[in-house]
Amino acid sequence: MSKQIKVALIGNPNTGKTSVFNQLTGLKQKVGNYPGITVEKKEGVCKLPRGVKAHILDLPGTYSLNTTSLDESVVVELLLNKNDKDFPDVAVVISDVENLKRNLLLFTQIKDLKIPVILVINMADRMSRTGISLDIELLEEKLDTKIALVSTRKGTGIDRIKELIADYKNLSIAPNVDTTVIAPEYFEKLKATFPKEDLYKLWLVITQDVNFMPIEKNPINITASFATKSKSELKRLQQKETILRYQFINGILKQAYKVDINAAKGLRATLDKVLTHKIFGYLIFFVILLTIFQAIYDWSSYPMDFIDESFASASEWVKDTLPPGVFTNLIAEGILAGIGGIVIFIPQIAFLFLFIALLEESGYMSRVVFLMDKLMRPFGLSGKSVVPLISGTACAIPAIMATRTIENWKERLITILVTPFTTCSARLPVYLIIIALVIPEGRFLGLSYQALTLMLLYLMGFGAAILSAMILNKIMKIKSKTFFVMEMPNYKLPLVKNVVYTVWEKTKSFVLGAGKIILAISIILWFLGSNGFSDDFENAETIVTENIKNEGFSDFNKSNIESTMASYKLALQDSLNSKVYALDQAAINDSLRIKEMTLNEKATNQEIASYKLENSYMGYMGKAIEPVVRPLGYDWKIGIAVLTSFAAREVFVGTLATIYSVGSDEEDTIKNRMAAEMDPKTKKPLFNLASGISLLLFYAFAMQCMSTLAIVKRETNTWKWPAAQLVFMSLFAYIVALIAYQIIK
Amino acid sequence: MITTVAHLRRGQKGIIKEFADGILPIKLLELGCLPGNEIELVQVAPLKDPIYINVNGTHIAIRRSMAALIELEIIEDSPL
């Protein structure tokens, strides 16, 4: 394998950097419009002319090499560390034609690091509309680089980038600006102390921590010993450097960049006026949110019903087709039940990501931040917390990653800590099934009780988040300077390709990521539920058959058989009367006898299954925790489902599916099975209003997601915060559920 | 009285005056908030804060407290 050219893509947020990356590598990724959406490390391989290949690294968006956030420090640390395996052979700076001046600031800084650099000017298709004309040759000469004029929207200019990358050895590495003029004496001293080091690089290393304290230590650690200048002095010098660079850039652009001011910019102004209006702004935002919820609960119910039925029949088919045995049971009851529990989420998650992608792509998200900032501040949050809190309705994991754009550490930490309260999509299946079971179907003012309950649960999630933010804001003593600067990107028509790909990518990673856990847990549960160590388990069939012979069926089965037989008898009588079929009394008696036999057999099997489950490993585990969950109105089976949910909430339904279907013939879907579950003591449905509400509340507040805890650990770099979340949220959930159950009961 | 960006009315423009080093975050300077550049107040959020400005062709939102640190000379009256 020949050596690949290592390329780093660098650029300001909102320049279409990710689009360039997609077109170079063919590996389509997310292109967002909310500043800082590219936070993960993205890599790809690009085929260049003459059989050469390039390894492309898409770095987070940054405005300069003066680090002010975690994202930016990723860029700076890479560019300062020659030993990093990703250290680029050539840097490609992406700029957009409308903001060229600002984009060039970053370009000149990278150029001064003596890394070969190519300048890409994107959004060339906008030039005529915005009245911009460019003298590319002059720009190339003055900036001492090679330029590719690109339109990612139209797909032009990409080949030029590839050629320039292949040819990177011919690029000049002379610096653009001499930074030392901002403080000649200081740089003299630096040079004397570190004769071998490059001065500009040294300067960047020294000033790195001035505005931002990275959590991890820098790779080059010579700063501590060189504190000859105070922080504020260094800050001043940084400002001088920025002014110096702008002078250089302005000088060039005066000759090479012309803009016809009369060209239209009316659309943006009009949209801004409406979307950030003091009444219409909030109204539009509210309507958009309503539409999103409507889509998730209403539109997605059709594909969901279909998926539910398909898996129920697939499971049945497997059992009927394959020879009976352990392996067949594993497939039908462990694996298929588990996969069904994952696939059922897909429609809702896809809808949610579709809307979030559209809002980000169009530039609307930034307007939401603008609208909400003042409202969020009393709670110790920032306008930028709104995006994580909204994304949290899909999944807390990307939401917590999205907090990286919040510059203020305290605001960011509070956002991270409260985001898991928002109702994520994993809670949804639990809510939907419990609501369907315990909330009556009536309507209030044209709105169904069930929908209202769901909305209430969402509001409670937000409420808990806001309330705990307020408390945290009061008790946390973190000194952190507030500053809030956010670019308001221009409005764009979302690219269908980008949106479709985002939805696909996000849904896929959710299904695969969460799916692995769910599937593994389903299989473990199946094993624990279908194996036991006691004699009771081994001899379940004899014991139960014996019991039935002596005492008859359980009350539920008894009444079930009676009522089924009664209606069957009526139906037969009807057909006898209507003379549709030529039936005589003997045939009817035969038919009744057969029906009763099947029903008896089914009931027997069910009772054997439930007896087995009770005496399986899982049964013992569940009984062990029953004293803890009993006050909340749960039996040991629900207890197990709650317990496994601490891995991931969405496991709840799958667990119950596994628990209830073990050993029984799965004709009913899970909901009907749950409705039929009786409390052995009270002989009433186990899922009633009190226990249902208690369950809903518990799931609304408890911290039941291992992946979220892991991500919080990563973002805060300590186990302290995730541990606090786990304890506080779960305890709170337990208490609220306890109170609710005891009152309603 | 010192005029700052916080005093602008919607649609009003001003030229940024020299300001003391180190009072503004570097990010604001990077986005073009430099002495001599033109600032226009584009929009004010419904609760009066933050404000949305166009400086040197870049559209950014900042909070009022920060806007009060940027001194300027008003050059154009609001069209109203």
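This is a predicted model: local features need pLDDT of at least 70, side-chain atom pairs count only at pLDDT 80 or more; totals for chains, interfaces and linings use all residues.

Visitor: What is the span of helix H20 in chain A?

Guide: The end C-alpha atoms of H20 (residues 449-475) are 38 Å apart. With 27 residues at 1.5 Å a residue, H20 should span 39 Å, so the two values agree.

Visitor: And which residues in H20(A) are buried?

Guide: Among them are Leu454(A), Gly461(A), Ala464(A), Ile466(A) and Leu472(A).

Visitor: Switching to the largest nonpolar core, which residues touch the most other members?

Guide: The core has 192 residues, and those touching the most other members are Leu9(A), Val92(A), Val93(A), Ile118(A), Val120(A) and Ile53(B). Domain 1 (1-264) and domain 2 (535-610) of chain A both contribute residues, so this core lies between them.

Visitor: What does Leu9(A) touch?

Guide: Leaving out residues up to four places away in sequence, its contacts include Val20(A), Phe21(A), Ile56(A), Leu57(A), Val92(A) and Ile94(A). Lys17(A) and Asp58(A) are also among the residues Leu9(A) touches.

Visitor: Now the chain contact: how many residues come from each chain?

Guide: Chain A gives 33 residues and chain B gives 28 residues. On the chain A side, the largest share comes from H9(A), with 8 residues. By class, that side has 13 nonpolar, 11 polar and 9 charged residues.

Visitor: In which sense do S11(A) and strand S4 of chain B pair?

Guide: They pair in the antiparallel sense, over 3 bridges. Glu487(A) stands opposite Ile60(B) in S4(B).

Conventions
Residues are numbered from 1 along each chain as its sequence is written. Chains are lettered from A and ligands numbered from 1 in the order in which they are written. Helices (H or I, at least four residues) and strands (E, at least two) are DSSP runs, numbered from the N terminus. The expected span of a helix is 1.5 Å times one less than its number of residues. A residue is buried if 20 or more other C-beta atoms lie within 10 Å of its own, exposed if 12 or fewer, and partly exposed in between; C-beta atoms are placed from the backbone. A nonpolar core is a set of buried Ala, Val, Leu, Ile, Met, Phe, Trp, Tyr and Cys residues joined through C-beta atoms within 7 Å. Domain bounds come from an automatic or database domain assignment. Two residues are in contact if their C-beta atoms, placed from the backbone, lie within 7 Å. Ala, Val, Leu, Ile, Met, Phe, Trp, Tyr, Cys and Pro count as nonpolar, Asp, Glu, Lys and Arg as charged, and the others, Gly among them, as polar. Two strands pair if DSSP finds at least two bridges between them.
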